[in-house]
Amino acid sequence: EIHIKEPIEKEVNPHLLPGELLLCEASTVYKYIQEDGSNRGTYGKLVCTNFKISFLDDDSASDDNEPQFKNKIVGENDVTLQCVDQIYGVYDEKKKLLTGQLRKYPEKLIIYCKDLRVFNFCLRYTKEEEVKRIVSGIVHHSQTPKLLKRLFLFSYASAAPNNTDGRNQTVMFETLEDWRDELERTKGNVKYKAVTTNEGYRVSEKLPLYFVVPICISEESILKYEGRGIPIWCWSCHNGAALLKMSSFPKEQDDSTSQMQKAFLDGIYKTISKPPYELLKMDDLSSSLPSLQDIQTAYTRFKQLFLIDNSTDFWATDVKWFSLLESTNWLEIIRRVLKKAIEVAECLEIQHTNVLLIEESATDLCCVISSLVQVMMDSYSRTKSGFQSLIQKEWVIGGHGFLDRCNHLHKSEKEEAPVFLLLLNCVWQLVQQYPPAFEFTETYLTVLSDSLYVPIFSTFFFNSQHQRDTNKSGESLKTQDGPFRFLTVWDWSVQFDPKAQAFLNNPLYAEKPKPDKSQRKTARFKHQRQLSLPLTQAKPSPKRGFFREETDHLIKNILGKRIGKFINSSDEPPNSLREFYDSWHSKPVDYHGLLLPRIDGPEIKVWAQRYLRWIPEAQLHGGGTIATAAKILDLMEEVQSLQVKMDEEHSQAVSGDVHSVPMLRNSARLSSLFPFALLQRQSVKPALPTSTWKDLEDEDDLVKRDDEFVDLSGDML
């Protein structure tokens, strides 16, 4: 049975951005609503441009149904070509992956997106010629390898007016002054210097134009091996200890070369390690953390849990949710990365030891750990502008290969790995454990993860500063005003209007009090965990927990693994880290001091907003964090209006332009899918097959155990 919404009478044309071209289209395409198996849906037009795939129905023509949190660039039924993950065709009820040239065209098209949306289109009622054009067009433009200059980024850059707001507070780290200011801010300028050795990229195309090294490192040393084997400064702690990173030499070398490189490294280490005054701990991340291939494999398995085609699939996987989640190993990788960051923080904070992170290119896991350590130890990195500056410094200018790791050009799947997403998942753990410590919200992190696939910003579409600079000055981009400046993702006004941007800012952020020496001790915040984290299980007693072999049945079931000994890359006693962790968690939290994540098994959670936001079955009607946020924003609006009234009482001069936050009156009617999806109808859990019920009845303990899971960590999702 198919419930048909009549085909649209009026012509609906896609909204095209500057430089965007319509490539192919098909009319009378039927889009299914994926929330149930009733085949309900709507007719419309499916179009493919050089920027996105878009479905246009009669609702697209009216603004009545406009969501409150509207993205101005990518609409609800739009998918950028870079956001397409996989495309399947359905032939006689069988799914087949579509790549390259097609001999036969499918009757249904399923598009899986990297932001976890799933689109189902029926092509039975579409003309055969149009089916051929749209299917081959979508597959070709979203799945086949392309040249860098073919990215929509360049089409948009050459056609769009350059009228962006230049008053961005984010430090871009493109000038020598930016690096010197950062050295001064962290008091690192006593032992470290910003160098211009790489101007003109004469040292290496992989290194940024400007970077910071220890004062004792000579220019000759930097030039000798194209920057390899050189400790590059990331950040300085308040006690003078610094976090450094270094790209290692290739392992497979002939003996004479290896000996020369070893002698070179020994000389470098002697200049920066001067016990007992300057201690140095080296940490080779390639041996102490999972490989990029392991991370990619885990994430590929993990995301499959959320790419749900229909309601039946959701409930089928729901029965074995914990075992499926555990088998992906994704949460375990997040836990290991957070534990490594705690280890580094302990060296810097307690042992006053410099830490040198080593990796082959120093642009993947080095970026993750150095960023996490700064978020944990530097409250500036927990403000919106500070976090954005951190991403610029460590990732964009630091040379993380976004183009390869996100596989934007579909050149090689071997290079693909969700390294930046791993960082955002780790930061989210901290945001949801200590909300008042962050100026931004989880919605900000979710939107940032979506922006990875929006090719109008240059931020996430180059492998290095050199690659961006050489392509920015290309002849094709010469406009009347000279070379075009690419947009940066940090200008949120490009994607959202002010009302929508309010969702990115945390109204409960505990702003840093002005320093007052006499009041410093009393200014520490008292933190009652049960109040700020109502859904989180209470802190376990010292007798049972993460830092010994687990014997607790529940945690074994959730984690599925015993936690072994610590991975130690130094000779310090293994319990020093445990003492540091336990000692910190036994004290009240200072939201502007050091933050340590809780990493016991049940504390590492799935980032619900990002991964469940398109699944109606997983929504909480009138609940979730958004219901709380809505009430707070309502109160803020009320306070603002009262303030205006008070101002009017005192003065007749009334300001006509009052900045307000979004109006979210009926928050009880919102669901936890908000603000990304509007309220959907209640999904009914289908009847399980008799055989399944029989299994459950025989396993009476299993039912009770499932109930225990829900009671103790119901917000595991």
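Me: Which loop does Y201 lie in?

Reply: First, keep in mind that this is a predicted model. Y201 lies in the loop between β9 and β10.

Me: What is the phi of Y201, and is the residue buried or exposed?

Reply: Y201 has a positive phi of about 55°, although it is not a glycine. Its relative accessibility is 14%, and the cut-off for buried is under 20%, so Y201 counts as buried.

Me: Where does N198 lie, and what does its side chain reach?

Reply: N198 is also placed by the elements around it: the loop between β9 (192-195) and β10 (211-214). Its side chain reaches the backbone oxygen of P208 at 2.9 Å. N198 is buried, with a relative accessible area of 0%. Leaving out residues up to four places away in sequence, N198 touches V203, S204, L207, P208, L209 and F211.

Me: How do I read a strand? Take β7: how many of its residues are buried?

Reply: Check burial, then the direction of the side chains, then the partners. Strand β7 (residues 108-113) is mostly covered, with six of its six residues buried. K108, I110 and Y112 point one way, L109, I111 and C113 point the other way, and all are buried.

Me: Which strands pair with β7, and in what sense?

Reply: On one count, strand β5 (residues 84-91) pairs with β7 in the antiparallel sense over six bridges. On another, five bridges join β7 to strand β8 (residues 118-122), and these two also run antiparallel.

Me: What do β7 and β8 form, and how many residues are between them?

Reply: They form a hairpin with four residues between the strands. L116 is in the turn, and its phi is positive, at about 80°. L116 is not a glycine. At 3% relative accessibility, L116 counts as buried.

Me: How do I read a nonpolar core? Which residues touch the most other members of the largest one?

Reply: The largest nonpolar core has 164 residues, and F387 and I456 touch the most other members. Helix α11 (residues 330-349) gives the most to this core, with 12 residues. Domain 1 (22-61 + 68-144) and domain 2 (176-313 + 320-503) both give residues to the core, so it lies between them.

Me: Which residues does F387 touch?

Reply: Not counting residues up to four places away in sequence, F387 touches V375, Y380, S381, L424, V427, F440, Y444, L445 and L448. There is also a second, separate core of 34 residues, which includes V203, I230, A242 and F249.

Me: Why can charged side chains pair?

Reply: Side chains of opposite charge can pair when their charged atoms come close. The structure holds 28 salt bridges.

Me: How many residues apart are K262 and D266?

Reply: They are four residues apart in helix α6 (residues 255-272), so about one helical turn separates them. K262 is partly exposed at 49% relative accessible area, and D266 is partly exposed at 33%.

Me: Which salt bridge links distant parts of the chain?

Reply: One of them is between R124 and E93, whose side chains meet at 3.9 Å, N to O. R124 is in the loop between β8 and α2 (128-143), E93 is in the loop between β5 and β6 (94-97), and the two are 31 residues apart. R124 is partly exposed, with a relative accessible area of 42%, whereas E93 counts as exposed at 61%.

Me: What about K281 and E343: are they buried or exposed?

Reply: Both are buried. The closest N and O atoms of this salt bridge are 3.5 Å apart. K281 lies in strand β13 (residues 280-284) and E343 in helix α11, so the pair ties together parts that are 62 residues apart in sequence.

Me: Which residues are linked in a network of salt bridges?

Reply: The network links E182, R185, K245, D378, K393 and E394.

Technical notes: Residues numbered from 1 in each chain as written. Predicted model: local features only at pLDDT ≥ 70, side-chain atom pairs only at ≥ 80, totals over all residues. Heavy atoms only, no water. Core = buried A, V, L, I, M, F, W, Y, C linked by side-chain atoms within 4.5 Å. Buried < 20%, exposed > 50% of the residue type's maximum accessible area, 1.4 Å probe, protein only. Domains from an automatic or database assignment. Contact = heavy atoms within 4.5 Å. Pairing = 2+ DSSP bridges. Polar contact = N/O pair within 3.5 Å; in protein donor to acceptor, adjacent residues only side chain to side chain. Salt bridge = Lys/Arg side-chain N within 4 Å of Asp/Glu carboxyl O.
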